[in-house]
Amino acid sequence: MRAFEYLRELPRDWLPKSLEHGIKSPSNGELKRWLLDKSIIINGKTPVPSDEITFPITELVFFPTSKRRTTIVKD
């Protein structure tokens, strides 16, 4: 599965809120931009939207260098 497809299929409640147009769930375009800007780490890697990701996903980090850093870890 590609990185963008994986993020698109996640429940929007699990994702950090967008600050672009008010505090809302991120749009598909924002998810793609986050990947292109290297703002998402999946299993220790920063994929672009078309990169294949491997399962299981054990770590998902949004905005790793920001105050808004959000980490989802599966034990």
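**Exercise 1.** Which residues have the most contacts inside the largest nonpolar core?

*Solution.* The model is predicted: local features need pLDDT of at least 70, side-chain atom pairs count only at pLDDT 80 or more, and totals for chains, interfaces and linings use all residues. Residues are numbered from 1 along each chain as its sequence is written, and side-chain values use heavy atoms, without hydrogens and water.

Step 1. A nonpolar core is a set of buried Ala, Val, Leu, Ile, Met, Phe, Trp, Tyr and Cys residues joined through side-chain atoms within 4.5 Å; buried means under 20% relative accessible area, exposed over 50%, and partly exposed in between (1.4 Å probe, protein chains only).

Step 2. The largest such core has 16 residues, and Y6, L7, I40, I42, L60 and F62 have the most contacts inside it.

Step 3. Two or more residues each come from α1 (3-9), α2 (28-36), β1 (40-42) and β2 (59-62); helices (H or I, at least four residues) and strands (E, at least two) are DSSP runs, numbered from the N terminus.

**Exercise 2.** Determine how W34 and F62 are arranged.

*Solution.* Step 1. Rings of Phe, Tyr and Trp (its six-membered ring) pair if their centres lie within 6.5 Å; planes under 30 degrees apart count as stacked, over 60 as edge-to-face and the rest as tilted.

Step 2. The ring centres of W34 and F62 are 6.2 Å apart and the planes stand at 75 degrees, so this pair is edge-to-face.

Step 3. The pair joins helix α2, which holds W34, to strand β2, which holds F62, across 28 residues. Both W34 and F62 are buried.
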